[in-house]
Each structure stands twice: as C-alpha cells, then as structure tokens.
Amino acid sequence: MLKNHPSDMIYLNNAATSWPKPPEVCMAITRSLAQPVFGSGRTAGSEGEDYITQAREALVQLFHTGPGENWVFTHNATDALNILIPGFIASAEGPCHVITTALDHNSVLRPLHELERAGRITLTVVPFENAKISPDVVRAAICPETRLVVMSHGSNVLGSVQDIHAIGEILHERGIYFIVDGAQTAGHMPVDLGNLPVDAFIFTGHKALFGVPGTGGFYIRDPSRVGTVRYGGTGTDSFSLFQPDEMPDKYEIGTHNYPGLAALAAGIAFVCSAGTAAIAKKGEQQAAYIISELKKEPNIIIYNETPELPIIAFNIEGMENDDVGFVLARAYGVISRTGLHCAPLVHKTLTNGKGCVRVSPSWFTTDGECRVAVKAIREVAQGANSSLNQA
Ligand SMILES: Cc1ncc(COP(=O)(O)O)c(C=O)c1O
C-alpha cells in the first residue's frame, strides 16, 4: 500500500516545520500580497496594514516583554544566532570564553566553532544527562573569562526543556550574557520573558508559531551589549552612512518579508487564542501516549521517555533509521524525520553518531492520527524483530 497523497498523510515532522498552518495564516499571506506594501516608516502618507508592527505587538503579547522595538526580525532562527553571537563577541572586552551544550543545534554550534577556529573565543561544550543540562554543570564550567552562554531552551531531538531560569540566575550573578535559542519552545509552551533572566531569546516563525519558513528573529533586552554585524538600508536616518543605533534598525536591514510577517502575526494570534498552556498540555499527553505504546515493543529504543515537548526520538533495533522513516512514509503515510537532526553532539552521545527517527505531533495532530502512527511504528518494529529472529 503506497500512500503518497497528502490526505492520506499523517504529518509528524512538526519539529522541523509545522504543517498544516491555521487557515488564518494562509489568508493573511494572501491578503498581504493582494495590496501594495505600506511598511512602517518607509512609505509616508500611505494607508494599509502594517504587518511588521502587528507581528512585533503579537510577540510582545505572547512573551510578555517590554517594547516591540526590542523584537528584531531576521530570516530565521539561524540568522538571528548569526547576528547575536558575533555581535556580542565583537563588543566583548578581553579574552572571551563561551559555554554551550551538547544538546544544541548546529545553528548554535557552528557559529561558535567558527569563532573558536578563528581564535576569537575559547569554547566549552557541557554534556547533558537524561536529556537535561544541569545548572550545576553550567556553573562548574564558568571561568573568569566566561562572557557568554548560548543554549537551546528545548531540545529538537529529545524534547526536553531546560531550566533556563536557574541557569540564567547563575549567569547573571556573575555578569555573564545569556542567549537562549527558543526555536523549539516558542509557541509550544508558556514562555514569560518578562520574568526570565535571559538577555536575548531567539524564535523561529515556521515551527510552533505556525508562520512560514524564512521568518524568525530575537528579543534583546539591552541592545548596547551586542554590536552590529550587518549594515544596510533601514528607511530611516538615510543621510547617515553608518548604521543607526536605534532599535530595531540597529539589526534589521533591507526589505522585510512582509507576507512572512503577516503570517507570523496571524500564527501568533492563533497560538494566543488556543493558549500556550493548552497547547503544551496536549503535546505532553500525545507524547506520553506515543511513548507508552512504543515501549510495548522490546526492540524500540526511546531516547527520552519523559519529553516536555511533543518530540519523540527512537530507533528500531536491527534497522537503519533512514529505512524506518522510508517504510513509515511509503507504506503507512507517516512522515517522520530521520538522521542527525542538525544536532550532531546529541547523536554522538546517544546513537553512536548514527542518528534516529523523530516523530513530532503538533496542535493539529489528532489522537486518532497518533493511534494510527504508533500502530505503524509497532508493526515495523515487529517486522524487524521477526527478521532478526529468523536470521
Ligand atoms: C533548536 C533549534 N534551533 C535552531 C533551529 C533553526 O531554525 P531555523 O530553521 O529557523 O533557522 C532549529 C530548527 O530546526 C532548532 O530546532
């Protein structure tokens, strides 16, 4: 049985990019393209929807932060990290030691390793245990030259959420700057940045905020700590041949992705109306159900049995993860994500570098779809088990 038609598909790859999008998001994109763009500050005397301001206000509401100008739009979460990390290092004085974690995504690890290779920082990568980064392990890695910690809030492989409150308090007592990659938590759970000791928080538009790929950005509490690393037109102070220092022009250059930001504003409005607490609860329940079913097969290895996010990572003994993903997709219409998930150090630690299968439901995934998906995974595991026994 081949299931290639989307209506037969059970899409469990939401940790990569969410699908489907709420109808409001699709409509917002269409609406934004149906009229000329009237960007804030860039087109005087015109009327029309200001998607940029709407998106900033939506972020302020969702994350309980201060002014919208402290939210900066970028191409995606990776782009945000590539502005914040080098920007902070450019402004830091003296030798610069940076801490990150083995749970992190390549969008954190690669900018840091490039800076280390260029001799601009020294780097410590702290290990995880039971899918968590212990605040004590971070504390122990701090040295007199430590200026910056960059780490993910939620793991994109293990679905664990880190105690960034406790870690942030340790760092702020010592004046260490704290950048948190919230690509996997934004929209998935309540995040109250007003009460978190975090200096900068990164989000992406296309995952649990239900926007489209090519959108994202960051919140920055005190822009004076992070230098500018990109330069260009802002539509403001245009006689100056230097980048303005005002927010958000300090970091936002060129023409915005207006349809993308219209989608982001609509996606965040959708998340606010559903409620992040309800979204988190549903995700946890579906993850717990999937895990309880997969545990019934002795040859399924689950890498974190208690994820806070709806992300389940597993392997089937006797099968390559890519083959499992292929069979799930082609024979059952279940879309997973296999391989290393851009988190090489997680896999170095847990899967011998081989990778695994990841399934990740979203707010739109039904309990019925979860039941069909676990039945499919269990059948594949049973097939692998009987082949192993016959060999
Ligand atoms: C934890 C984490 N950080 C960063 C990213 C990169 O996000 P983007 O695609 O918006 O650059 C991802 C996406 O997979 C992620 O899971």
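Strands S12 and S13 (residues 356-359) pair in the antiparallel sense over three bridges; two strands count as paired if DSSP finds at least two bridges between them. Strands here are DSSP runs (E, at least two residues), and helices are too (H or I, at least four residues), numbered from the N terminus. Across this pairing, arginine 337 sits opposite arginine 358 in S13.

This is a predicted model: local features need pLDDT of at least 70, side-chain atom pairs count only at pLDDT 80 or more, and totals for chains, interfaces and linings use all residues. Residues are numbered from 1 along each chain as its sequence is written.

S12 and S13 belong to an open sheet of four strands, ordered S9-S10-S13-S12, with antiparallel pairing. Strand S9 (300-302) and strand S12 (337-339) each have a single partner strand, so one side of each is left without a neighbour in the sheet.

Now for the other sheet. Seven strands make up this open one, in the order S2-S8-S7-S6-S5-S3-S4, and the pairing is mixed. Its edge strands are S2 (71-74) and S4 (122-126), each pairing on one side only. Inside it, strand S6 (residues 177-181) and strand S7 (residues 200-204) run parallel, joined by three bridges. Valine 180 has phenylalanine 201 in S7 as its bridge partner.

| Pair | Direction | Bridges |
|---|---|---|
| S12 and S13 | antiparallel | three bridges |
| S6 and S7 | parallel | three bridges |

Finally, the ligand: 14 residues surround it, and the closest are Asn76, Ala77, Thr78, Asn156 and Thr204. A residue is near a molecule if its C-beta atom, placed from the backbone, lies within 6 Å of it.
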